[in-house]
Amino acid sequence: MNKGGWFGFRFRIHLLFWVVIGLSVAAGRFLEVCTLFVIVLIHEFGHVAMAKELGWKVTEVQLLPFGGVATMEDSYATDPLDEIVIALAGPFMNVVMMGLSYVFWLGGIWTEEWARFFLMSNAAIAGFNLLPIWPLDGGRILLGLLCYLLPYRQAALLCLLGSTLFAGTMLGLSLFDLKINLLVIGSYLLAINIQAFLRFPYQFFRFLMEKYVRQPVEYNVQAIQIRPDETVLQASQKLRRGASHLIYVQGAGLLAEDQLLRALLFEQKHDTAVRELVL
């Protein structure tokens, strides 16, 4: 494990990764398995490069027994388009590598068999990552798209619900067909999404805090309308990602977003009616 952060983030290798390497040696598939993990690593560095380009903070890249994951900060309140672009950067690297495999085969550098293996491996990794399951790339793209249509809280919970159902279906199919690899992956993704549901109140708090500390000029301004009897907490659940809000309280007047967030985060006015913030 790299604790020092050679590239500004931590690089970790899961303990079970070495188990997979050992099994691949025993099965005579060491080169193939190492190639798969190199492909995964390049895929993840595609995410890292795009995230850094957009100003996100990358904290960790970890190699898992069946793939990899890049952990990033500054992802809660930013423009949903950033999330989508970063998520697509990984599969894009797989497409580039697929093209290179074809070029190397035509140039006589690789045999047709090895070029086919490399191409199909990239296609499989890109296809798997584009499944609409959080935290895979497809799940992140789904969340970004939902954030354009819905308030952040509603979009995130809907994404997690869909991801949990999809992961549960994957797990069920693995039990039906007795496929060990699908069983392990489905179990891991299901556990991750259940954990995300349990941690969502903290994640929503992070979203609200990030919106408060960011400068309003970073966002597009959107107007929302709420009833005067809605509580501060209920009003905060209507805030959208990547936008600053001008809140119209029916029959009472206008309320600035930072005023609403300050009442919620620092003044402990969760159950206070929003009309009292305007009057």
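Biologist: What makes the contact between the side chains of Lys211 and Glu257 a salt bridge?

Modeller: A salt bridge is a side-chain nitrogen of Lys or Arg within 4 Å of a carboxyl oxygen of Asp or Glu. The side chains of Lys211 and Glu257 meet at 3.6 Å, N to O, and therefore qualify. Lys211 belongs to helix 7 (residues 180–213) and Glu257 to helix 9 (residues 257–265), so the pair ties together parts that are 46 residues apart in sequence. Helices (H or I, at least four residues) and strands (E, at least two) are DSSP runs, numbered from the N terminus.

Biologist: On what basis do these values rest?

Modeller: This is a predicted model, in which local features need pLDDT of at least 70 and side-chain atom pairs count only at pLDDT 80 or more, while totals for chains, interfaces and linings use all residues. Residues are numbered from 1 along each chain as its sequence is written, and side-chain values use heavy atoms, with hydrogens and water left out.

Biologist: How are Glu230 and Arg227 classed, buried or partly exposed?

Modeller: Glu230, with a relative accessible area of 4%, is buried, whereas Arg227, at 43%, counts as partly exposed. Their side chains meet in a salt bridge at 4.0 Å, N to O. Arg227 and Glu230 are also linked with Asp229 and Lys238 in a network of salt bridges.

Biologist: How do you know that the span of helix 4 agrees with its number of residues?

Modeller: The expected span of a helix is 1.5 Å times one less than its number of residues. For the 18 residues of helix 4 (residues 112–129) this gives 26 Å, and the end C-alpha atoms are 26 Å apart, so the two agree.

Biologist: Why are the buried residues of helix 4 said to line one face?

Modeller: The buried residues of helix 4 are Ala115, Phe118, Ser121, Asn122, Ile125, Ala126 and Asn129. Seen down the helix axis, they fall within an arc of 130° (taken from the directions from the axis to the C-beta atoms), so they line one face. An α-helix has 3.6 residues a turn, so residues three or four places apart point the same way. The face of helix 4 turned away from its buried side carries the exposed residues Glu113 and Arg116.

How values were computed
Buried < 20%, exposed > 50% of the residue type's maximum accessible area, 1.4 Å probe, protein only.
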